[in-house]
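Here is a quick tour of a protein model, written for someone new to structures. Have a look at it first, then work through the points below.

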Amino acid sequence: MKKILTRTLLFILVAFLVVWLGSLIKCEVLTKLHYDEFKATHLQNPMIGDIDYFKVIEYDKDTTAKVYYVGENKSGGFIMELKYIKSRNIWKETYWNGVWSGTGGTADNVLWPYWWHFIYIQ
């Protein structure tokens with residue numbers, strides 16, 4: 001019985017790690033491919049301010065994207081949903097949300113696959 005429980009727990013742990021690492025790799029690849037497209041889109045929203053870095057979470061063939069921005073000095077984590085305006089050749093913000101805040105407030109969510117970032121909350 002102990003062997004079955006140990007194997008089950010090990011399987012669950014390995015499955016979690018495979019899914020999580022796969023998600024992280026996907027974000028890294030998307031960020032590398034589309035870095036130039038999204039490096040300045042956070043400037044559309046003055047609430048986000050300066051950033052340390054960003055990750056492209058989702059990208060759908062030049063129509064929509066979801067980008068995760070980490071504020072300067074890890075001051076907060078923000079999600080921006082964007083829509084591509086083909087006629088103007090720009091990405092336009094359609095929605096944004098403060099996922100977590102290191103400077104206070106009520107933003108205390110967790111974002112997949114960067115679930116550990118909420119520890120920056122002070």
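Buried residues make up 34% of the 122 residues in this predicted protein chain, where buried means under 20% relative accessible area, exposed means over 50%, and partly exposed is in between (1.4 Å probe, protein chains only). The chain has 1 helix and 4 strands, and from the N terminus on they run α-β-β-β-β. Helices (H or I, at least four residues) and strands (E, at least two) are DSSP runs, numbered from the N terminus.

A bit of housekeeping: residues are numbered from 1 along each chain as its sequence is written, and side-chain values use heavy atoms, with hydrogens and water left out. As this is a predicted model, local features need pLDDT of at least 70 and side-chain atom pairs count only at pLDDT 80 or more, while totals for chains, interfaces and linings use all residues.

**The sheet**

- The 4 strands form an open sheet in the order S1-S2-S3-S4, with antiparallel pairing; two strands pair if DSSP finds at least two bridges between them.
- Strand S1 (51–60) and strand S4 (90–101) are at the edges with a single partner strand each, so one side of each has no neighbour in the sheet.
- From one strand to the next, the twist averages 20°. Angles like this are taken between axes, which are lines fitted to C-alpha atoms (for helices over the stretch in contact), and they run from 0 to 180 degrees between N-to-C directions.
- What holds paired strands together? Strands of a sheet pair through backbone hydrogen bonds, either parallel or antiparallel.
- S1 and S2 are antiparallel partners over 8 bridges, and phenylalanine 54 has tyrosine 69 in S2 as its bridge partner.
- The hairpin of S1 and S2 has 3 residues between the strands, and lysine 61 there takes a positive phi near 35°.
- Strand S2 (residues 64–71) also pairs with strand S3 (residues 76–85), in the antiparallel sense over 7 bridges; here valine 67 sits opposite methionine 80 in S3.

**The helix**

- Helix H1 (residues 2–38) lies across S1, S2, S3 and S4, running at about 105° to S1.
- With 37 residues, H1 reaches 50 Å from its first C-alpha to its last, close to the 54 Å expected at 1.5 Å a residue. That expected span is 1.5 Å times one less than the number of residues.
- Where does H1 bend by about 50°? The bend is at lysine 32, and a bend is the angle between axes fitted to the seven residues ending at a residue and the seven starting there.
- Trp20, Ser23, Leu24, Cys27, Leu30, Thr31, His34 and Phe38 are buried in H1. The buried residues of H1 pack against S1, S2, S3 and S4, where contact means heavy atoms within 4.5 Å.

**Aromatic pairs**

- Searching the whole structure turns up 8 aromatic pairs. Rings of Phe, Tyr and Trp (its six-membered ring) pair if their centres lie within 6.5 Å; planes under 30 degrees apart count as stacked, over 60 as edge-to-face and the rest as tilted.
- Phenylalanine 16 and tryptophan 20 have ring centres 6.0 Å apart and planes at 20°, so this pair is stacked. Both lie in helix H1, 4 residues apart, which is about one turn of the helix.
- Phenylalanine 16 is partly exposed at 34% relative accessibility, whereas tryptophan 20 is buried, with a relative accessible area of 16%.
- Phenylalanine 38 and tyrosine 59 make an edge-to-face pair, 6.1 Å centre to centre with 75° between the planes. This pair links distant parts of the chain, joining helix H1 to strand S1 across 21 residues.
- Phenylalanine 38 is buried, with a relative accessible area of 0%, and ring pairs link Phe38, Tyr59, Tyr84 and Trp91 into a cluster.

- Proline 113 lies in the segment after S4 and is buried at a relative accessible area of 2%.
- Proline 113 and leucine 21 are 92 residues apart in sequence, but 8.3 Å apart in space, C-alpha to C-alpha.
- Not counting residues up to four places away in sequence, proline 113 touches Trp20, Ser23, Leu24, Cys27 and Ile57.
- Leaving out residues up to four places away in sequence, histidine 42 touches Ile48, Gly49, Ile51, Tyr69 and Met80.
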